[in-house]
Amino acid sequence: MYEDMTDRLFISRKDNSDKIYGSIRILNIILDITTKNEVANIELLDTSQYLGSLGIDPSILNNLTEVEISFKQIRQGYLIVFILKSGKQVIPVPYNIQMPNNNQISISQS
């Protein structure tokens, strides 16, 4: 589901037996996690702006018929691909999340 007013794309993978344990926000992505440690829902914030930054016409959001999600762990992070479907159009939208390694995390001691 795409909400034009808030510019959010919301995809639900949750079924009736899933219980949401909590949510994680990473950059412009919000993941709802179940008690089984599975992703139940995913939300992409500022969706039209993000699509535009990739050279994808955001008007596809107004005519979505289906959205699929693919998760893949790569190197020090994850690749999430939103597969937008509108009529005969199928547009993959990549979203790369780089996780910091220990050298990138600054810990200060008092």
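Reader: Into which classes do the residues of the lining of the largest pocket divide?
Author: This is a predicted model in which local features need pLDDT of at least 70 and side-chain atom pairs count only at pLDDT 80 or more, while totals for chains, interfaces and linings use all residues. Residues are numbered from 1 along each chain, and side-chain values use heavy atoms, without hydrogens and water. The lining (residues with an atom within 4 Å of a pocket point, a pocket being an open set of 1 Å grid points where a 1.4 Å probe fits, with protein on both sides within 12 Å along at least five of seven lines) divides into eight nonpolar, one polar and one charged.

Reader: Which strand gives the most to the lining of the largest pocket?
Author: The lining comprises Ile24, Ile26, Leu31, Phe71, Lys72, Gln73, Tyr78, Ile80, Ile97 and Met99. With three residues, the one that gives the most is β6.

Reader: How many residues apart in sequence are the parts that the pair of Tyr50 and Tyr95 ties together?
Author: The search of the whole structure finds one aromatic pair, formed by Tyr50 and Tyr95 and tilted, with 5.0 Å centre to centre and 55° between the planes; ring centres must lie within 6.5 Å, and tilted is what remains after stacked (under 30 degrees) and edge-to-face (over 60). Both Tyr50 and Tyr95 are buried, that is, under 20% relative accessible area with a 1.4 Å probe on protein chains only, where exposed is over 50% and partly exposed lies in between. Because Tyr50 lies in helix α1 (residues 47–53; a helix is a DSSP run of H or I with at least four residues) and Tyr95 in strand β8 (residues 89–98), the parts tied together are separated in sequence by 45 residues.

Reader: Is Ser23 buried or exposed?
Author: Ser23 is found in strand β3, and its C-alpha lies 9.2 Å from that of Asn41, a residue 18 places away in sequence. Since its relative accessibility is 52%, Ser23 counts as exposed.

Reader: What is the relative accessible area of Thr47, which lies in helix α1?
Author: A polar atom of the Thr47 side chain lies 3.1 Å from the backbone nitrogen of Leu9, and the backbone oxygen of Leu44 is 2.7 Å from a polar atom of that side chain. Thr47 is buried, and its relative accessible area is 1%.

Key: Helices (H or I, at least four residues) and strands (E, at least two) are DSSP runs, numbered from the N terminus. Ala, Val, Leu, Ile, Met, Phe, Trp, Tyr, Cys and Pro count as nonpolar, Asp, Glu, Lys and Arg as charged, and the others, Gly among them, as polar. Rings of Phe, Tyr and Trp (its six-membered ring) pair if their centres lie within 6.5 Å; planes under 30 degrees apart count as stacked, over 60 as edge-to-face and the rest as tilted. A polar contact is a pair of N or O atoms within 3.5 Å; within protein, one must be able to donate a hydrogen and the other to accept it, and residues adjacent in sequence count only if both atoms are side-chain atoms.
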